[in-house]
Amino acid sequence: MTDLTAATETAIRQTLIDVALGRTPADTLLRLDRLLDTNTGLWRDNIEVAIHGTRIAYVGPQGSYPGKARETVSKPGLSAVPGLGEVHKHIESSHVTPEYEAALVIPHGNTWTCEASHELSNVLPDRTLEFWLPPGRAGSPLKIFPLPGSAVPPTAWEHGAHLDGSDQTRFLRESLMTTGLDEVMDWPAVRDRDNPAHNRLWSMIEATYEARAVVEGHAAGIRDLPNINAFAAFAASDHEAWTAEEAFDKLQSGLFLEIRIHTGAEIIKGLIDRGLTDWSQVALATDDRPAQEVLATGATDRNVRMAIEAGLPPETAIQLATINPARHMRLSQWVGSVTPGRFADIVLLSDIETFEIAEVWANGQHAATGETYLLDIPRIDWPDWARQTVNIGRPLAAADFAIPAAEGRETMTAALLRPFHWTDDFLTADLPVLDGTVQRDPGRNITKFSIVDRFSGQAAVSKMFWLGCGPRDPETALCCSMAHDKHNIWCVGSSDAAMALAVNTCAEMQGGWVLVHGGEVVATVPYEIAGLMTARPAQDLAADMQALYDAGARIDWMYEPSFHPRWSEGFPERLAFATLTCSPWRWNLVAPSDHAPQGLVQVQTGEVHPVVW
């Protein structure tokens, strides 16, 4: 059982004192050839670790433990390091529920995760802790430390789920597992006192300060020194640096630097070239990584290997995934080192330089050998509040996706966006009118994109024309209930009827991916939990995703270059991130609201505009 309360901590630590002094027997005495002490960065040889329950009671030279143990286990030829931690990760982006996330990542050494919960919190705001904590209480050895979402809603121009300072105060009081406030993303609302979201956001920040917890930042696109300094005046960290120059400027401004893998090697090499010697303010972060990618390339272990290959000594790279994030998140009394009082999470390496994992121990149990997870996965009967989260209100029809033209017009001017359109102005194009509605123009790579409100039950659909991202094949559409960060349903399609079929199928499934080709549903991937995850093994999800990719490979997809380095030709999976409304986005499409009835809004200022005129 993994949970933290002051009362249970007191009892556990009183018992650990007795075990350390030999007055109470240990459960396991684990004998190791080498152990990395992450507090000093030095290796200790011929060490024994006394484990009681889920915790470490004693660490010292072999033969020095003064008590007895129920079993003694020796691991010759292997080097031990602490269980790896995720300083910033959205488990929702693995798309498996927490109990299956444990089975996915623990073989890769990841034994604890700071869960950045604004995805789940936008769907189930009041139940944020009620979702993340039960798997640990049921026996899952992955420690999940939730950070409730600040971006709920992501901007003032989006409606629905809502969290404020009173909610944050409650979350922080309910469990010691709650470690702070998830990435504050709406920089215009933080910065500008006249922004309608200003007071809500600052109430959450203040509640976090009051508890002496951590305010995580999201400083995407903030690269000039005045704004970096202003951002560092309130936030503790940033994980959005893309270059070494940006990372170094943010580090020198006092921000804790969380390096992602996308340009991580470049950043680390650049920091080494700049002479950085103290890496204690740096960690490695996964952020978003789907299960099929973890299965193919690794989890936190992949991040550590990247850092070693970029030039860091293995000891420093390991600190970036253990003690550094633990200290930053104020969790070092529980995780980050193999020392008394901490959870008995130990990764045994057969090769240090390549970070090759032989075994993983979690909560005092031998949890994985190689890539095989050894423990039982607890059965979580996810209730209806987690399973029934898609409420469109009625089946949609093709007419719900039509864009009417002004009477008597043969053409209309349309606002155009493309994925990751970060410029101040949207694009425009003149489009033909047929039977009173504005038409797509596949010859110019112009298709239709929509956002369907999946929470209000009002069958609310916003739609507009997008450039270079949809299917060219007739009667074809793709939709998904993962649409960062509000997580309504997005849909792109070559016909309105295909779009309606895709979204209706998604609603019937209670979330996931739906691909329609030639007027027929050809692939589905269920995300039946919160419309974001599935309560199934990662391997099953990966097989479904591969079937989706295979079906998508038979479709001709439009393509236009974008600003985002990960936007590419082919199956447009990254559209799930193209719906973001945080910095550096300007114009984007959101679900219809009183403020933006057609959904096209400048998310930094709140300006709205018709989609055609």
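This is a predicted model: local features need pLDDT of at least 70, side-chain atom pairs count only at pLDDT 80 or more; totals for chains, interfaces and linings use all residues.
View A. On a 1 Å grid over the protein atoms alone, a cavity is a set of points where a 1.4 Å probe fits but cannot get out, and lining residues have an atom within 4 Å of a point. Grid points are joined across faces, edges and corners, and a volume is the space filled by probe spheres set on the points. By this rule there are 4 cavities of 30 Å³ or more. Thr2, Asp3, Trp132, Leu133, Gly136, Leu142, Lys143, Ile144 and Met177 line the largest cavity. By class, this lining has 5 nonpolar, 2 polar and 2 charged residues; Ala, Val, Leu, Ile, Met, Phe, Trp, Tyr, Cys and Pro count as nonpolar, Asp, Glu, Lys and Arg as charged, and the others, Gly among them, as polar. Residues are numbered from 1 along each chain as its sequence is written. Local features need pLDDT of at least 70 and side-chain atom pairs count only at pLDDT 80 or more, while totals for chains, interfaces and linings use all residues; side-chain values use heavy atoms, with hydrogens and water left out.

**View B. The largest pocket.** The largest pocket has about 450 Å³ of space. A pocket is an open set of grid points with protein on both sides within 12 Å along at least five of seven lines. Its lining has 32 residues, of which Glu240, Trp242, Arg260, His564 and Leu580 lie nearest the pocket centre. The lining divides into 12 nonpolar, 9 polar and 11 charged residues.

View C. His88 is in strand 5 (residues 84-89); strands (E, at least two residues) and helices (H or I, at least four) are DSSP runs, numbered from the N terminus. His88 counts as buried because its relative accessibility is 2%. Buried means under 20% relative accessible area, exposed over 50%, and partly exposed in between (1.4 Å probe, protein chains only). The side chain of His88 makes a polar contact of 3.2 Å with that of Glu183 and another of 3.5 Å with that of His90. A polar contact is a pair of N or O atoms within 3.5 Å; within protein, one must be able to donate a hydrogen and the other to accept it, and residues adjacent in sequence count only if both atoms are side-chain atoms. Not counting residues up to four places away in sequence, His88 touches residues including Cys114, Asp182, His239, Glu258 and Asp287 (contact: heavy atoms within 4.5 Å).

View D. Two strands pair if DSSP finds at least two bridges between them. Strand 11 (residues 256-259) runs parallel to strand 12 and is joined to it by 3 bridges. Glu258 stands opposite Ala283 in strand 12.

**View E. Two cis peptide bonds.** The bond from Val152 to Pro153 is cis, with omega near 5 degrees. Pro153 is in the loop between strand 7 (143-148) and helix 6 (165-174). The bond from Ser583 to Pro584 is also cis, with omega near 15 degrees.

**View F. Positive phi at Glu475 and Gln510.** Glu475 is not a glycine, yet has a positive phi of about 50 degrees. At 35% relative accessibility, Glu475 counts as partly exposed. Gln510 has phi near 60 degrees and lies in the loop between helix 17 (496-509) and strand 24 (512-517). With 11% relative accessibility, Gln510 counts as buried.
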